[in-house]
Amino acid sequence: MPTIFTVDPRSGVPLYLQLTEQIKRAIALGTLVPGEQLPTVKALALELTVNPNTVARVYRELERDGVIDTSPGRGSFVSAGPEARRAVADVARSAFEGAVREAKSLGLSREETHELMMRTIARWYEMENK
Amino acid sequence: MTAPLIALNGLTKRYGSFTAVDGVTFDVPEGSICGLLGPNGAGKTTTFKCMLGFVKPSAGTIAIAGAPVTPATFESLAYVPERASLYDNLTIADHLALYRRSYKHFDAARADELLALFSLEAKQKARHLSKGMRTAAALVLAFSMRPRVLILDEPSSGLDPIHQRHVLDLMIEAAANGAAVLFSSHQVGQVERAADSVAIMKRGKLIVSSVIDDLKSGEKIIEAVFAGPVPDLGDLARDPRILRTEQTGSLLRVVTRDENDAIAQRIFTLHPKSIRTIDLNLEEIFMNAVSGDQQ
């Protein structure tokens with residue numbers, strides 16, 4: 001598998017969260033497809049030059065969320081089940097939450113935030129229909 | 001559960017009235033890399049010397065793979081001091097030959113690969129090596145032993161950025177194969193990248209010992225701006241989940257230790273105009289830890 005992940009260890013966002021999010025995103029975008037094998041913990045740790053325990057934690061959490069299936073001796077694979085689809089929706093949800101939290105923290109009212117959201121939706125979804 | 005490969009318990013070293021290492025307790029389990037950080041004179045090197053039996057602790061215990069350190073421990077333990085100790089009149093090849101005779105897991109093929117990795121010539125005599133090359137040669141020797149425990153004091157001092165990255169890769173590979181690695185560094189970024197846990201020392205005491213990602217999850221700055229002056233925080237000011245608060249006019253900055261979401265919610269009830277949570281990287285967390293008044 002080519003390197004499709006980039007993590008920034010110098011960020012204040014925990015590395016395991018960065019990598020979990022990126023793997024979910026890759027599945028959402030179809031860069032990783034159901035049934036595809038993920039690199040081993042060791043291979044991915046060396047590829048990214050990050051700690052193997054951090055990668056192992058990512059795989060454990062993805063396994064727990066039903067995004068990947070790990071079988072001892074065979075490796076980890078992108079799950080074909082509905083949980084994988086639901087988990088990738090998490091990526092969009094948390095981005096959305098972040099945006100709303102930011103709007104609220106800037107002091108926008110509920111109405112103003114709603115208005116802004118509707119305008120943004122109109123803009124991006126109309127672009128798609130043109 | 002098997003015993004952690006490295007276990008320090010209440011390690012203390014006094015020189016007269018000066019306490020160089022003061023009750024230090026932490027573990028490094030199999031497959032783990034721990035970065036040891038601290039200002040100069042914090043006691044990092046003394047801790048290493050105690051662990052290796054070069055210095056007798058005043059109190060506390062050290063266990064390597066569950067047992068006290070004996071000469072047999074060094075069969076599977078590699079130590080690279082900050083100033084690499086090599087025999088000046090011997091070549092790198094001579095050193096490798098010595099190691100091959102001394103260590104039963106010594107991997108000669110691996111040594112050749114590592115020499116090439118660090119661009120070292122086996123026929124060079126140690127006394128002709130630059131500081132960085134000496135460090136590299138000592139690392140080649142250490143990693144070729146295939147040790148289960150690695151103790152590295154500033155392992156990248158004098159190395160160029162590419163060779164520094166190789167050192168991190170070697171530590172990661174060793175950990176992935178089950179070794180326990182403890183290394184000190186002044187470069188917080190290296191610890192942040194390669195280590196899963198961090199130990200921070202200050203004036204002989206261990207002031208932080210944690211999984212790095214857990215530290216980053218917990219320690220944040222919550223910044224709130226109010227319409228007028230910052231209101232009275234009430235009992236929030238004494239919340240144990242808060243490390244520190246700073247107030248200037250209408251601006252409140254709270255450094256959290258844990259549960260920053262819950263604290264942000266509490267601050268929200270004081271009706272700030274705006275509030276945001278700022279992530280802190282390990283360097284900022286380190287600076288908070290060593291510059292704070294708290295011991």
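Modeller: The accessible surface of chain B comes to about 13500 Å², and 51% of that area belongs to carbon and sulfur atoms; the areas come from the Shrake-Rupley method with a 1.4 Å probe, and for residues only the protein chains shown count as cover. This is a predicted model, in which local features need pLDDT of at least 70 and side-chain atom pairs count only at pLDDT 80 or more, while totals for chains, interfaces and linings use all residues. Residues are numbered from 1 along each chain as its sequence is written, chains are lettered from A and ligands numbered from 1 in the order in which they are written, and side-chain values use heavy atoms, with hydrogens and water left out.

Of the 295 residues of chain B, 51% count as buried, where buried means under 20% relative accessible area, exposed over 50%, and partly exposed in between (1.4 Å probe, protein chains only). The C-alpha trace of chain B spans about 75 × 40 × 40 Å along its principal axes, and an automatic or database domain assignment divides the chain into domain 1 (4-215) and domain 2 (220-279), whose C-alpha centres lie 41 Å apart. Chain B has nine helices and 13 strands, taken as DSSP runs numbered from the N terminus (helices H or I, at least four residues; strands E, at least two).

Turning to the cysteines, the structure holds zero disulfides over all chains, a disulfide being a pair of cysteine sulfur atoms within 2.5 Å. C34(B) is in no disulfide, and the nearest cysteine sulfur, that of C50(B), is 16 Å away. C34(B) counts as buried because its relative accessibility is 2%, and C50(B) is likewise in no disulfide and is buried, with a relative accessible area of 3%.

As for the backbone, most residues other than glycine have a negative phi. R203(B), although not a glycine, has a positive phi of about 45°, and its place is in the loop between β8 (197-202) and β9 (205-211) of chain B; with a relative accessible area of 57%, R203(B) is exposed. H271(B) is also a residue other than glycine with a positive phi, near 60°, and H271(B) lies in the loop between α8 (260-268) and β13 (274-279) of chain B, where its relative accessibility of 66% makes it count as exposed.
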